[in-house]
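I am starting a notebook on a structure that is new to me. The entries below record what I looked up, in the order I looked.

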Amino acid sequence: MKKIQLLRTLINILFFTLIAVFSIGFIFFILLFFFRDSLPAPLGMFSMLFNQPFGWKMYLVPTSTVVNYMLLILAMFYLRKSTTSFLKSDYYNERVTLNLKKAGNIFIFIGVSTIIIQLFTVLYIQNLAYNIVQMKTNFFIRLINTLAATIDLKSVLSIIIGLFFLLFSKIFENSRVLKQENDLTI
Amino acid sequence: MAIIVNLDVMLAKRKMKSKDLAETIGITTANLSILKSGKAKAIRFSTLEAICKALDCQPSDILEYVKD
């Protein structure tokens, strides 16, 4: 029980911290967007973000980061809901399996989308660099370089955690069916 | 479900109340109700044996297979 309470506390801390950071970031973004001229000089520097010479491509990474951040908050929300049931020793609830499944899917999405966005970014930067330097490299060396720069441990860990949540969800679902059968055995 | 529980019929034949049968075989009336209504997923041999003993009948008198 103490472990579940500790888990719940940690998830609560993370959940509310994520929301607080997001809220501060959002307020800062709004200030930057609408009142960039009246902001003090050090903060006003960030208004350069809106004057990008490369167009939409430069917004791809920040946008995907914000979306993934919001999805992480949502995943924490679902995990929080699951732990609420765990605290009541209500493990074989349909909501628990559903929330774990949703959290798992979100973690997998975050991992996969991060890898894809990173791949596009790396390819874009590599193309720029190769065009500037006029370098000719072996295809396989270039492929290995691209993969090494694309796949980071955090994204892979996110996918693994997501798959684990999906597995837990399946196990809880099976347990729920078995418990139901056991309860209906006279 | 393909297995039909004819406990009501046997209870009527033996002129016994559900409550009395539940007390005799040592299960709750709620569980006996689940069994009678066909909501039960399984029945233990010990329960079946106790029912047969209390109603003086065979398992086939209580359980019946009907094609879906």
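**Entry 1: Leu14(A)**

I began with Leu14(A), which has a relative accessible area of 40% and is therefore partly exposed. I noted that partly exposed covers values between the under 20% of buried and the over 50% of exposed. I then looked up where Leu14(A) sits, and found the residue in helix α1 of chain A, residues 2–34. I also checked Leu14(A) against Met1(A), 13 residues away along the chain; their C-alpha atoms are 20 Å apart.

**Entry 2: the model as a whole**

I am reading a predicted model. I wrote down its scores, which are ipTM 0.77 and pTM 0.75. For chain B I found a mean pLDDT of 90, with 99% of the residues at 70 or above, that is, at least 70. Where in chain B is confidence lowest, and where is it highest? I found the lowest mean, 90, in strand β1 (residues 3–5) of chain B, and the highest, 93, in helix α4 (residues 45–55) of chain B.

**Entry 3: chain A in outline**

I listed the elements of chain A and got 6 helices and 0 strands. Read from the N terminus, I have them as α-α-α-α-α-α. I looked up burial as well: of the 186 residues in chain A, 28% are buried.

**Entry 4: a charged patch**

Which residues gather in a patch of positive charge on the surface? I found Lys81(A), Lys88(A), Arg95(A) and Lys102(A) there. I followed up Lys88(A), which lies in the loop that runs between α3 (57–87) and α4 (94–133) of chain A.

**Entry 5: a nonpolar patch**

I next looked at a nonpolar patch on the surface, whose residues together have about 1,000 Å² of accessible area. Among them I noted Phe139(A), Leu147(A), Ile151(A), Val156(A) and Phe164(A). Which helices each supply at least two residues of the patch? I found α5 (139–150) and α6 (153–183) of chain A. The largest share is 6 residues, and I traced that share to α6(A).

Phe164(A) lies in helix α6 of chain A. Its relative accessibility is 46%, so I put Phe164(A) down as partly exposed.

Notes:
Residues are numbered from 1 along each chain as its sequence is written. Chains are lettered from A and ligands numbered from 1 in the order in which they are written. This is a predicted model: local features need pLDDT of at least 70, side-chain atom pairs count only at pLDDT 80 or more; totals for chains, interfaces and linings use all residues. Side-chain values use heavy atoms; hydrogens and water are left out. Patches are made of residues with over 30% relative accessible area and no salt bridge: like charges are joined within 9 Å, nonpolar side chains (Val, Leu, Ile, Met, Phe, Trp, Tyr) within 5 Å. Accessible areas come from the Shrake-Rupley method with a 1.4 Å probe; for residues, only the protein chains shown count as cover. A salt bridge is a side-chain nitrogen of Lys or Arg within 4 Å of a carboxyl oxygen of Asp or Glu. Lys and Arg count as positive and Asp and Glu as negative; His and the chain ends are not counted. The place of a charge is taken as NZ of Lys, CZ of Arg, CG of Asp or CD of Glu. Helices (H or I, at least four residues) and strands (E, at least two) are DSSP runs, numbered from the N terminus. pLDDT is the predictor's confidence in each residue, from 0 to 100. Buried means under 20% relative accessible area, exposed over 50%, partly exposed in between (1.4 Å probe, protein chains only).
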